[in-house]
Protein chains: 4
Amino acid sequence: MLTNRRTIHIEWGDCDPAGIVYYPRFFEWFDECTAALFEAAGFPKWDLVRGRGIVIPMVDTRCRFLIPSRFGDDVVVETGITRFGRSSFDVHHRMLKGEQVAAECFETRVWTRMEPHGAMRMKAEEIPPDVIQMLSDGIK
Amino acid sequence: MLTNRRTIHIEWGDCDPAGIVYYPRFFEWFDECTAALFEAAGFPKWDLVRGRGIVIPMVDTRCRFLIPSRFGDDVVVETGITRFGRSSFDVHHRMLKGEQVAAECFETRVWTRMEPHGAMRMKAEEIPPDVIQMLSDGIK
Amino acid sequence: MLTNRRTIHIEWGDCDPAGIVYYPRFFEWFDECTAALFEAAGFPKWDLVRGRGIVIPMVDTRCRFLIPSRFGDDVVVETGITRFGRSSFDVHHRMLKGEQVAAECFETRVWTRMEPHGAMRMKAEEIPPDVIQMLSDGIK
Amino acid sequence: MLTNRRTIHIEWGDCDPAGIVYYPRFFEWFDECTAALFEAAGFPKWDLVRGRGIVIPMVDTRCRFLIPSRFGDDVVVETGITRFGRSSFDVHHRMLKGEQVAAECFETRVWTRMEPHGAMRMKAEEIPPDVIQMLSDGIK
């Protein structure tokens, strides 16, 4: 399974008046980490969207927050795909602060075709075999 | 059980290049809806934080996205508390688009004391009986 | 000149570790206030974009921050258009906290046609007379 | 004058339904770039805030947007200080897309002491000579 690692430097503007990360920010980072995983596998998001007309919207996500983080901290997110269905797939993120797991996130997304001229007309499609292979093996 | 309803007008800046809500925004709205529920029960967040030194950080949240929404849409979020533990509690949000459930979110938060001068020194505390009563009954 | 007023309730997640609004949030609010002004004049953004294929991107904006605001505060933004050019126009926002001006923002935007299938192919267009008239007078 | 350079990879979630960067994001990036400049000079924000009790709130900022950017683009921001007053100072950012200036931002901030226990009790202070020297020369 291809795993991608990404370092995040936590900024002042990511944090709330308690001085710790405002939790919706984590979902922004995890969304970027999923995009980075696809990019590492050879499928950058701009190419998926503009080249293939494909988006991968979220249908279900859960995050457990174990250790708080604050501005100035560096954390590392490890991202991989844990299941491929016909058109849906599951992503797993582990956010590490040193040796410890600071947060853990689970996603289910769907491989979806955007119709021209209409954002609301999207329909699920079978995930292409090359995408599955690249994200499974990470061998080009 | 006290239920609070809040209307959200979806803005241009809440949406992504697919024209639908960028999903981390939902978590911002649900966080505001939990704050609004506490305010409806007589415990506005500024008073919790500045008056009592209490914050209610998230430890676990999950959201299912059922129907996409786009800018210009109005949605209504219904929020209530579904469980009180000693120091943790569960919140449930249903986002309605007309008659349909567009999204559903589950939260577990902890009643936590902020220590002066140190955002990282927080510790869980027993939820006071008046808070439980007000959020359970909604009768002041 | 049509002036629109909009109340903003400042949320926990809008604020930074200093406990005051993280200033990029102001620009989100002012963008929403400009959209609300157009909506008040009979041109909701979803109709501009989906019906007319028009967007109004920012080319220049300046904000002065006079009084800090923090979560729990309610502020009112007064928005109006102060100049119409051929395709560009200026917007002015005053954010009031009680009687005092807490912030003031100036915008220059351009009436722009979105080309199908290509976000980057946008070109300025003459602002239609009905838009100018409605935003000048506010009389439908 | 110390100049700091920072590369920004524009993400899907930074962009709006027109497919280009939602402009308030630029202010988040410029705020991070100012923090990065201070860090490059030996004054990381966490140390300013936690060690010295200093914040540098914005009092006036202006941004001109010259060339739109979209997700997948990499841009570089060059940041430097262009004026030191007694307690206020000006920051200048140039965002480059290849050889072209895509955006340009001007900031006036104030060197400000946070009082314990009260986010609203902040007062301007003289900028220390070592801060001025390090940010002027960039020589430690």
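1. In this predicted model, chain C is superposed on chain A by a rotation of 180° with 0.0 Å of shift along its axis, at an RMSD of 0.0 Å. The two copies are thus related as by a two-fold rotation axis.

2. The contact between these two chains is made by 12 residues of chain C and 12 residues of chain A. Of the interface residues of chain C, 100% are also interface residues in chain A, so the copies meet through the same surface.

3. About 950 Å² is buried between chain C and chain A, and carbon and sulfur atoms give 69% of that area. On the side of chain C that touches chain A, the residues divide into seven nonpolar, three polar and two charged.

4. Which polar interactions are counted between chain C and chain A? Two residue pairs are in polar contact, both at pLDDT 80 or more, whereas the count of salt bridges between chain C and chain A is zero. The two charged residues on the side of chain C that touches chain A should be read alongside that count of zero salt bridges.

5. Turning to the other pair, a rotation of 180° with 0.0 Å of shift along its axis superposes chain A on chain B, with an RMSD of 0.0 Å. In chain A, the C-alpha nearest the axis belongs to A:Arg62 and lies 2.0 Å from it.

6. For chain A and chain B, 100% of the interface residues of chain A are also interface residues in chain B, so here too the copies meet through the same surface.

Notes:
Residues numbered from 1 in each chain as written. Chains lettered and ligands numbered in written order. Predicted model: local features only at pLDDT ≥ 70, side-chain atom pairs only at ≥ 80, totals over all residues. Heavy atoms only, no water. Contact = heavy atoms within 4.5 Å. Buried area = accessible area lost by both parts, 1.4 Å probe. Salt bridge = Lys/Arg side-chain N within 4 Å of Asp/Glu carboxyl O. Polar contact = N/O pair within 3.5 Å; in protein donor to acceptor, adjacent residues only side chain to side chain. Nonpolar A, V, L, I, M, F, W, Y, C, P; charged D, E, K, R; others polar. Least-squares fit on C-alpha atoms with pLDDT ≥ 70 in both.
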